[in-house]
Amino acid sequence: MEKHVNEKYQESYYSETLSNGLHVVLWKKEDYAKSLFMMSTPLGAMDLEQVDEAGKHYCYHAGIAHFLEHKMFEMGEEDVMELFSRMGANVNAFTSYNETAYYFSTSNDIKKPLELLMDFVQTLQISKESVEKEKGIIVQELNMYQQMPDNRLLMETFSSLFQNHPLKYDIGGDAESVCATTLEELQQCYCRNYHPSNMVLFGIGDFDVEAVMQLIRENQDKKEFSNQPRLYRKEVVEPHEVARKEYRFAMDISIKKQAIAYKLTGLKDSSMRNRMEWCFKIMLDAYFSSLNPEFQAWIDGGIINDYIGSEVDFGEDHGLIMFYGESNDEMRFKDIVAKTWKRMQQEAVDKEMVERLKRRYFGQSLRSLNSFDDIAITYIRNYFEGLDMFDALECIDHICEEDFEQAREILKNADMAYVVIEPENS
């Protein structure tokens, strides 16, 4: 095991990559009663086309990572959730655009639930009948999300931005893709992406690190895994132009919901992506939040209300910045977004504001280190990106005006999409 210590945050963890390729991280948190373990694969909703080391291509239906997450909780006749419950542990899972994760937390002994976590994630026991039954459950879940205005606004914005990129699909896919998914496709996707060499097992709590690592080694030594070639997400060729310049639809709401999103070019280097996202976050907080002196005037003038915000996201082959809010005054909302976008492109953020925000982010980082979920997810996502978690957090301290200049150049190459949800009876 290798020990990693960060003096600034006063945190330490141990890591080891086992002979089968599983990367294990154990984070010591003294005097905490709870423990959390998370096992994750970098198979997410964007992984619809993959390429292996030999150049062979694999294609899947949209939503397959989410479909697999649903089916993983079956172990023959056993209900995995019920098994964890009997051990006094809470188990859950999630699928994002970039990964799928399974995790449990408990204040009891961790040995049995940890063994169960490794065993059920590394075993796929599903039948054609259970797959067919699950399709109806997933479609029903997708229909439920379609009735949620905030979720619908996000998804329609992504659909407006992207012509080819998988971000245009819901994480769960759609009814057509779900119904077209087969048992064989799920099995093949599982074998290729759930191999230990693709995965991370992360544990955090006040436990005997060496004893837990030995338990994990012994569990993995009992299992045999067929060799699988290394997989990579196939890069998507995405046109510069958005798929839809403007899109409107109606739902049962009282005030119009709007999203204005700018489509940008992806950034290949993960360290640069991290740096640029911090720059954009600073800009957005400075110009499009309550830190902006004009913000209260926007509220007093009825242009916005408390439902307002922004998002930034970059990958190797995609980039976007989105503004959203509730307002029946469309033109004035579009105007403040346009002015914000112009400021981001042309103005240097006040140095005092930059330092103020750096201190705020540092405080948020410190608070996040009290959340086991936040630590696990942040570590795993950075690991899959090839970044050290603490280096990624501390990047904010080293951002300088040259970085902001680079960020402003990126903003110049953008196309815009506008999405509106109107009240049904308007």
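The legends below describe several close-up views of one predicted model.

Because this is a predicted model, local features need pLDDT of at least 70 and side-chain atom pairs count only at pLDDT 80 or more, while totals for chains, interfaces and linings use all residues. Residues are numbered from 1 along each chain as its sequence is written, and side-chain values use heavy atoms, with hydrogens and water left out.

**View 1. The seven-stranded open sheet has mixed pairing.** The strands follow the order S1-S2-S3-S11-S4-S10-S9; here strands (E, at least two residues) and helices (H or I, at least four residues) are DSSP runs numbered from the N terminus, and two strands pair if DSSP finds at least two bridges between them. Strand S1 (2-6) and strand S9 (89-95) stand at the edges with a single partner strand each, so one side of each is left without a neighbour in the sheet. On average, and with direction ignored, neighbouring strands of this sheet are turned by 15° against each other. Strands of a sheet pair through backbone hydrogen bonds, either parallel or antiparallel.

**View 2. Strand S3 pairs with S2 in the antiparallel sense and with S11 in the parallel sense.** Five bridges link strand S2 (residues 11-17) to strand S3 (residues 23-28), and along this pairing Tyr-14 stands opposite Leu-26 in S3, while Ser-15 has Val-25 in S3 as its bridge partner. The hairpin of S2 and S3 has five residues between the strands, and in it Gly-21 takes a positive phi near 100°. Six bridges connect S3 with strand S11 (residues 200-205), where Ile-204 is the bridge partner of Trp-27. Five of the six residues of S3 are buried, so this strand is largely enclosed by the rest of the structure; buried means under 20% relative accessible area, exposed over 50%, and partly exposed in between, with a 1.4 Å probe and protein chains only.

View 3. Strand S9 is mostly covered, with five of its seven residues buried.

**View 4. An open sheet of three strands has antiparallel pairing in the order S6-S5-S12.** Strand S6 (57-59) and strand S12 (231-233) stand at the edges, each with a single partner strand, so one side of each is left without a neighbour in the sheet. Neighbouring strands of this sheet are turned by 30° against each other on average, direction ignored. Three bridges hold the antiparallel pairing of strand S5 (residues 49-52) with S12, and Leu-231 in S12 is the bridge partner of Asp-52.

**View 5. Helix H3 crosses helix H8 in a right-handed sense.** Two packed helices are described by the angle between their axes and the distance between the axes. The axes of H3 and helix H8 (residues 209-221) come within 11 Å and cross at roughly 40°; axes are lines fitted to C-alpha atoms, for helices over the stretch in contact, and angles run from 0 to 180 degrees between N-to-C directions. A crossing is right-handed if the near helix is turned clockwise from the far one by less than a right angle, and left-handed if anticlockwise. On the H3 side, Lys-111, Leu-114, Glu-115, Met-118 and Asp-119 meet Val-212, Leu-215, Ile-216, Asn-219 and Gln-220 of H8, where contact means heavy atoms within 4.5 Å. Eight of the eleven residues of helix H3 (residues 111-121) are buried, so H3 is largely enclosed by the rest of the structure; among the buried residues are Leu-116, Leu-117 and Phe-120.

**View 6. Helix H9 packs against helix H11.** Helix H9 (residues 270-287) and helix H11 (residues 330-346) meet at an angle of about 130°, with their axes 10 Å apart. The contact is made by Phe-280, Met-283, Leu-284 and Tyr-287 of H9 together with Thr-340, Arg-343 and Met-344 of H11.

**View 7. Met-155 is found in helix H5 (residues 149-161).** At 10% relative accessibility, Met-155 counts as buried. Leaving aside neighbours within four places in sequence, Met-155 is in contact with Tyr-97, Leu-167, Tyr-169 and Asp-170.
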